Protein chains: 2
Amino acid sequence: MRRFSWPGGFPSHLSPEVPGVVHEGGELGYALATAFGAALDKPDLLVACLVGDGEAETGPTAGSWHANKYLSPDTDGAVLPVLHLNGYKISSPTVYGCMSDEELTAYFSGAGWSPYLVDVTRAEDPDALLAETLDLAHREIVAVRERWQPGERAVWPMIVLRSPKGWGVPESDVAGRPLEGTFRAHQVPLNDVHSDDAEFALLEQWLRSYRPEDLFGADGRPHDDLLAELPPEDLRLGRVPEANGGALRRDLPLPEVARFAVEVPAPGAASASPTGTAGEWLAELMRATEDRRDFRVMCPDELESNKLGALLDATDRTFAWPLPETAEHVAPGGRVMEVLSEHLCQGWLQGYLLTGRHGLFPCYEAFASIADSMLNQYAKFLKMSGEVLWREPVASLNYLLTSEGWRQEHNGYSHQGPGFLNNLLTKKASTARIYLPPDANTLLVTLRRCLTSTDRINLVIAGKNEGSQWLDLDAAERHCEAGAGVWDWACHGDGEPGVVLACAGGIPTVEVLAATSMLRDRAPDLTVRVVNVVDLLSLAPADRHPHGLSEEDFTDCFGSTTVPVVFGFHGYPSAVHEVLHGRPETERFHVHGYLEEGTTTTPFDLLVSNQMSRYDLAADAARRAGRPELAGRLISERDEMRAAAHEQGEDPEEITGWRWSA
Amino acid sequence: MRRFSWPGGFPSHLSPEVPGVVHEGGELGYALATAFGAALDKPDLLVACLVGDGEAETGPTAGSWHANKYLSPDTDGAVLPVLHLNGYKISSPTVYGCMSDEELTAYFSGAGWSPYLVDVTRAEDPDALLAETLDLAHREIVAVRERWQPGERAVWPMIVLRSPKGWGVPESDVAGRPLEGTFRAHQVPLNDVHSDDAEFALLEQWLRSYRPEDLFGADGRPHDDLLAELPPEDLRLGRVPEANGGALRRDLPLPEVARFAVEVPAPGAASASPTGTAGEWLAELMRATEDRRDFRVMCPDELESNKLGALLDATDRTFAWPLPETAEHVAPGGRVMEVLSEHLCQGWLQGYLLTGRHGLFPCYEAFASIADSMLNQYAKFLKMSGEVLWREPVASLNYLLTSEGWRQEHNGYSHQGPGFLNNLLTKKASTARIYLPPDANTLLVTLRRCLTSTDRINLVIAGKNEGSQWLDLDAAERHCEAGAGVWDWACHGDGEPGVVLACAGGIPTVEVLAATSMLRDRAPDLTVRVVNVVDLLSLAPADRHPHGLSEEDFTDCFGSTTVPVVFGFHGYPSAVHEVLHGRPETERFHVHGYLEEGTTTTPFDLLVSNQMSRYDLAADAARRAGRPELAGRLISERDEMRAAAHEQGEDPEEITGWRWSA
Ligand SMILES: Cc1ncc(C[n+]2csc(CCOP(=O)(O)OP(=O)(O)O)c2C)c(N)n1
Ligand SMILES: Cc1ncc(C[n+]2csc(CCOP(=O)(O)OP(=O)(O)O)c2C)c(N)n1
C-alpha cells in the first residue's frame with residue numbers, strides 16, 4: 001500500500017506495471033476505441049469498458065460508440081461499455097450527466113446499442129441490481145452472437161450507470177459543504193489532511209468506516225475469508241492472457257518480398273508505384289493470415305486513394321450493419337477497417353496490438369497529426385512496458401504515411417503537413433523509428449522489417465505515384481540494412497567531393513538526382529557525391545540512437561567535416577537538424593525541405609515555393625562549391641520553368657519528362 | 001473559372017481567399033465546432049453548417065453535436081446543422097449513411113436536437129422540399145429563442161439530408177458502372193478525360209446538360225436574368241460581416257496590470273501562484289467585457305485545477321440544459337466554457353476569433369497536443385489570410401498551458417508532455433510565438449501582450465503553484481520587452497563568465513537559481529552569469545524570426561562563442577537546439593530538459609530522472625568550467641537527496657525549503 005503513488009513505487013493511474021492493463025487512460029478519450037481493438041478477432045473475449053461521463057465528452061469517445069457497427073458477431077468478441085454517470089468531471093457538471101434517461105436511451109439506441117440504465121440512488125440493493133444487469137447483458141451478448149445473420153444489425157447491450165460522484169466519501173466536508181455526489185469528491189476529496197486536524201479526523205473516520213480490522217491482519221495481509229472470495233487465479237483480471245498480448249503474439253507469415261519486387265535493370269530504368277507495389281505484398285500477407293486472423297489494416301477510408309486497393313482483393317472492409325447495394329468490398333468479417341476517424345483507427349490498432357496481434361495504419365501524412373497525442377501516450381505505454389519484466393514484447397505500431405504534401409493532386413495547402421515525424425522525434429530512442437524509402441523495393445524491405453519488429457513505433461513515409469525506381473531488390477536490401485549510403489551510380493568526378501547532395505524521401509530523391517545530372521552537365525569538373533538516407537535516425541550520433549551510423553560510416557557518406565552537404569528532405573528541415581545534433585560541424589548541412597508554403601498548384605511550383613526544386617538544390621550546391629554564377633543561372637531557369645507552369649496550368653515536359661540517365 | 005485549382009489561382013478547397021469563409025475544412029471534423037464558436041454572443045446570427053456523413057464519423061464532429069447545450073438562446077445565435085447523407089466517403093459507405101431513419105431520429109433527438117429528415121430521392125420536388133424544411137427550421141429557431149426559459153432544454157432543429165453521392169453526375173461511367181449515388185462519384189468522377197475520348201465525350205455531355213449557353217454569354221459573363229436572381233450585395237454569403245471578423249474586432253479593454261502585479265521587494269522575497277495572479281486579472285477583463293461580450297475562455301474543465309478559479313467570480317460556466325442542484329458557477333450566458341474536449345475548445349475558439357472576438361484556451365500542457373492537427377490547420381488559415389488584402393487581422397489564438405509535467409501532483413507520466421511547443425515551432429515565423437514567463441508578473445505582462453496582438457498563435461507556458469517571485473512589475477516589463485536578459489542580481493564574479501547558466505520556464509528558473517547559489521558557495525572564484533529567456537524565439541537568429549535578438553544582444557546575454565552555456569529548459573531539449581539553429585557555435589549550448597522519463601513521483605525525483613535538477617545543472621556547469629571534482633561531489637549529493645525522497649515519500653526540506661538569497 002505504501003508504494004502507491006510513492007517515489008519508486010506504483011504510479012497513481014493504471015499503468016503497464018499493473019497486471020491486466022492495456023490502457024492507461026491518463027489522457028481521456030481512448031478507452032472505448034481500445035476496447036474494440038482488443039475484441040477484434042477474439043470471438044471468445046468479452047471486453048468490459050468503463051467510460052466516465054467526463055471522458056464521454058471527448059470527441060474520440062463520442063465517435064467510438066459507432067464502432068459497434070464494425071464488430072462481426074461470428075468472428076469478433078464483444079464490448080460491453082459501462083458509461084459511468086456520476087454527474088461531474090473535475091468541477092463542472094457533465095453533458096451526459098445532465099441528459100435525461102429518455103435522451104440517453106434515445107441517443108444510445110440511435111447509435112445501435114441496447115442500453116440498460118442502472119441508477120444506484122433509486123435501487124434498494126444497488127450491488128444486486130448491477131449484478132443482475134450484468135448477467136442480463138451477458139445473456140444478451142450470447143444471444144446476439146447466436147442469432148445474428150449477416151446483413152442484420154447486431155445490437156449489443158451497454159450499461160448506463162448513474163451513481164453519486166465519490167460514492168462512499170463523507171457526505172460533507174469539514175466546512176459542511178456537500179461532498180458525496182458533488183464535484184468536490186473528484187480525485188482527492190479531502191485535501192488538507194496534513195494541516196487541518198478536523199479534516200484528518202474526518203479522513204480517519206471515513207477510512208475506518210470500511211472496517212480495515214475486519215479485512216486485514218496486523219501485518220496488512222487480507223484475512224483468509226477475504227482471500228477465499230478471490231476468483232481462481234486464472235480467472236483474475238490481471239491474469240487475462242490478452243492483457244499481456246506479447247505472450248500471445250506469433251511472428252507473421254510474411255510473404256517473400258522477392259515475388260513482389262520491381263525489376264530494376266538499372267537505376268531509373270523501371271517505373272512503379274511504391275505503395276501500389278507494397279499493396280500487393282500486403283494483400284498476400286492478408287491471405288496468409290486468413291485463418292490466423294491476427295493482422296489488420298486500419299485506415300481513414302484512404303486505401304484506394306493511397307493505392308493500397310489490392311488489399312481489397314484479399315479481404316473486405318469489415319462492416320456489420322445493413323449496407324447500400326452499391327457498396328463494394330464491404331462485408332462482416334473483413335480485416336480492413338475503414339472509418340473516417342484517425343482516432344478510431346489508432347485506438348483500434350493499439351487495442352489490437354496490445355492483445356497480441358499485428359497491424360498497419362496507412363494514413364494521409366498531413367492528417368496523421370490528428371493522432372499526435374495518442375502517439376504520445378502510446379509511446380509512454382511502450383516505454384514503461386519495456387521496464388516491466390513480465391511484459392512480453394508486442395508487435396510494433398506501424399504507420400504508413402503517404403499522399404504526402406508534395407503531390408497533392410488538387411487537395412491543396414491543408415493536405416501539406418509533414419510534422420508527424422517531428423512529434424515522433426521527441427520520443428525515446430528505444431521506441432522511435434522513421435523510414436523514408438525512396439522507391440518500391442526499399443519500401444517492401446522496410447515494411448518487412450517493421451512487421452517483424454516489436455515494441456517500436458515505426459513511421460514509414462512513402463510515395464504512391466508511379467515514378468522512377470532506383471534500386472533492385474538486392475541493392476534495396478543492402479541500402480535499407482545500412483540505413484544510409486552513397487549511391488555510387490549517381491556520383492560523378494573523382495576524389496573528395498566538392499559537394500555532397502543528400503536526400504531522404506521519394507520526391508527529394510528525384511529532385512536531388514535531377515540536380516545532380518544538371519551539375520554533371522554544367523559543371524563537369526565538380527565532384528558530386530549523392531547520398532540517400534532511408535533510415536532517418538541513422539543520421540543521429542550512435543550514442544543518441546541505436547540506429548546512428550558509426551562515425552566512420554557517417555564520414556564515408558558525408559565526407560570530411562569541411563565538405564558542404566546540400567540536403568533535400570521530405571519534411572521540415574528542422575527535423576534533420578534535430579537528428580544531426582551531436583554530430584561534428586553540422587553547420588555544413590544545408591537542408592531544404594517543406595517551409596510551410598503551399599496552395600493547390602503543380603508539383604514543381606510547390607517545390608519551388610519551398611526552395612526544394614532540382615534547380616534550388618543544384619543552385620545551392622553550386623553556391624556552396626564556389627560557383628555563384630552557375631547558381632544564378634540555375635535560379636533564372638527555375639523561374640522560367642515556373643512561369644511556364646503558371647501559364648499552362650501544368651508543369652513543363654522538361655520537368656515531368658525528366659528521367660535519370662547514367 | 002480558369003483560375004480554379006490553377007497554379008497561382010484559387011485553391012480547390014474553400015480557403016481564406018474566398019469571401020465568406022471562416023473554415024477551410026480540408027482536414028475534416030471541425031466544421032460543427034467552428035460554427036458554434038461563430039454563433040456565440042451573436043444573438044442575431046444564424047450559422048448553417050453542412051456536415052458530410054464522412055466528416056460525421058470523426059471524433060471531433062461526433063463530440064460537437066452536444067455543443068447545443070452550451071448555446072444560450074437569449075445571448076447567443078443559433079446553429080443549423082445540415083448532415084449530408086450521400087452514403088459514401090471516399091470509397092467506403094458511411095456509418096451515418098447506413099443508419100435507418102429511426103436510428104438517426106433517435107440519435108439526434110437523444111443529443112437534444114429536433115431532426116428533420118429530407119430525402120431527395122423520395123421527394124417529388126426536392127428543391128421545394130428542402131426550401132420548405134429550411135423555412136420550418138428557421139421558424140422553429142425563432143420560436144426556441146422566444147419561448148426558452150433558463151433551466152429548460154433549448155431543442156434546436158437540425159436537418160438530415162439524404163441525397164445520392166454526386167447528385168447530377170452521369171448515371172454510369174463509360175464502362176457502364178453506376179456512377180451517381182456511388183462512391184465512384186467522389187471528388188473527380190471522371191478521371192481519364194485527358195486520355196479517354198469516350199470519357200471526354202461523357203464529360204462534355206454532362207456539363208452541357210447544365211445548358212451553359214442559357215446561363216452565360218460568349219465572354220463567360222452570366223446573363224442579366226441570372227444576375228438578377230442574386231440576393232442584394234449585403235445579403236450575399238461572402239459579404240456577411242462576421243466572415244471577415246477582423247473588421248469587427250475591437251481592442252479589448254485590458255485592465256491595468258499594475259493593480260494585479262505581485263509586490264516583489266527583492267528577487268525571491270515574495271511568493272505567489274502565477275496563474276492564480278493572472279486569474280484575477282483575467283476575471284477583471286471578464287467584468288470589463290460584460291456588456292461587449294467579446295471575450296471568452298474555453299477550457300477542458302481545468303479552470304479550478306489550473307488556479308484560474310477567480311474567473312468564476314466574474315462570470316459563470318455557460319450551460320443551457322437542466323443542471324444538478326449541486327452544480328456551482330454554471331448558468332446560461334456565462335462566458336467560460338468547460339467541456340472535456342480539447343477539440344471542441346479549440347474549434348469554438350477558432351470560430352469565435354475568426355468572427356471578430358477574443359479568447360483564451362487554458363489547458364493542461366500534456367493534453368494540448370490533442371489539438372495539434374487543428375493548430376496545424378489554423379496556422380495555415382492565418383498564413384493564407386495574411387496574404388489576402390481585404391482580410392483584416394483577427395485577435396490571436398492564445399493558449400495558456402499550465403499544470404506542466406514537472407509538478408504532477410500524483411497524476412504521473414501520462415501528464416508529462418511538453419511537446420506542443422515543438423509542433424508550434426514548425427509554423428511560420430510570422431505566426432508562432434512562444435513565451436515561458438518564469439513568475440507572476442512576467443505572466444501578466446505576457447498575457448497583456450498576447451491579448452493585444454493579432455494574427456498570431458501565442459503559446460504561454462506558466463506554472464500554477466505558489467512559488468518564489470523574481471521580478472517586480474517594472475523589471476518584468478523590461479524583461480518581457482527584451483525577450484531574454486541577464487539577471488544581474490543572480491550573477492556572481494567579475495569579467496567574462498566561466499559559464500552561463502540559462503533558463504526558460506518556471507521550474508528550470510528555480511533550478512538554475514538554486515544551482516547558481518550552490519556554485520557561488522562551492523566555487524566562489526567561478527564567474528557565473530544567469531540568463532533568463534521568457535520569449536523562446538528571441539534565441540532564433542534575427543533573420544529567421546522577427547523576435548530574434550540582434551547578434552549584439554545575443555552576445556550580451558550568452559557571452560562570446562567560447563563560453564559554455566548550461567541551459568535549463570522547460571521542454572524537450574531539442575526545441576532549444578532547433579530555435580538556436582543558425583546562431584554561431586551552438587555546440588556550446590548544453591541543454592537540459594524533459595527526457596521523457598517519468599512516473600508518479602516527487603518533483604525533485606522527476607527532475608533528477610531527467611537530469612534537470614539543480615545538482616545536475618550545477619554539476620554540468622562545473623564540468624564545463626573545468627571543475628570535474630566539484631561536479632562529482634554535486635552528483636553524489638544529488639543521489640543522497642534522491643534516496644531520501646524515495647525513503648520518505650517526499651522531497652527533503654533542503655530542496656523544498658530552498659529560497660534565493662542575494
Ligand atoms: C483529454 C484530457 N483532458 C483533460 C483531462 C483532465 N482531467 C482529469 S480527470 C477529468 C475529469 C474526468 O471526469 P470523468 O471522466 O467523469 O471521470 P470521474 O473522475 O468522474 O470518474 C479531467 C477533465 C484529462 N485527464 N484528459
Ligand atoms: C481528417 C481527415 N481524414 C481523411 C481525409 C481524406 N478524405 C477526404 S474527403 C473524404 C471523404 C469525405 O466524405 P464526406 O464527409 O461524406 O464528404 P462528401 O465528399 O461525401 O460530401 C476523406 C476521407 C480528410 N480530408 N480529413
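Which residues are the closest to ligand 1?

1. Gly26(A), Asp53(A), Gly54(A), Lys165(A) and Glu342(B) are the closest of the 20 residues that surround ligand 1 (a heavy atom within 4 Å). The ligand lies between chains A and B.

2. This is a predicted model, in which local features need pLDDT of at least 70 and side-chain atom pairs count only at pLDDT 80 or more, while totals for chains, interfaces and linings use all residues. Residues are numbered from 1 along each chain as its sequence is written, chains are lettered from A and ligands numbered from 1 in the order in which they are written, and side-chain values use heavy atoms, with hydrogens and water left out.

3. On the chain B side, an N or O atom in the side chain of Glu342(B) is 2.7 Å from a nitrogen atom of ligand 1. From chain A, a backbone N or O atom of Leu28(A) lies 3.1 Å from a nitrogen atom of the ligand, and a polar backbone atom of Glu55(A) is 2.9 Å from one of its oxygen atoms. The protein buries 85% of the 590 Å² that ligand 1 exposes when taken alone (Shrake-Rupley method, 1.4 Å probe).

4. Chain A and chain B each bring 113 residues to their contact (heavy atoms within 4.5 Å). The buried area is about 8900 Å², with 53% from carbon and sulfur atoms (accessible area lost on being put together, 1.4 Å probe, summed over both parts). Pro7(A), Leu340(A) and Lys380(A) supply 8% of what chain A buries against chain B, more than any other three residues.

5. Between the chains there are 10 salt bridges (side-chain nitrogen of Lys or Arg within 4 Å of a carboxyl oxygen of Asp or Glu). One of them joins Arg184(A) and Glu328(B), at 2.5 Å from N to O.

Conventions. Buried area is the accessible area (1.4 Å probe) that two parts lose on being put together, summed over both. A polar contact is a pair of N or O atoms within 3.5 Å; within protein, one must be able to donate a hydrogen and the other to accept it, and residues adjacent in sequence count only if both atoms are side-chain atoms.
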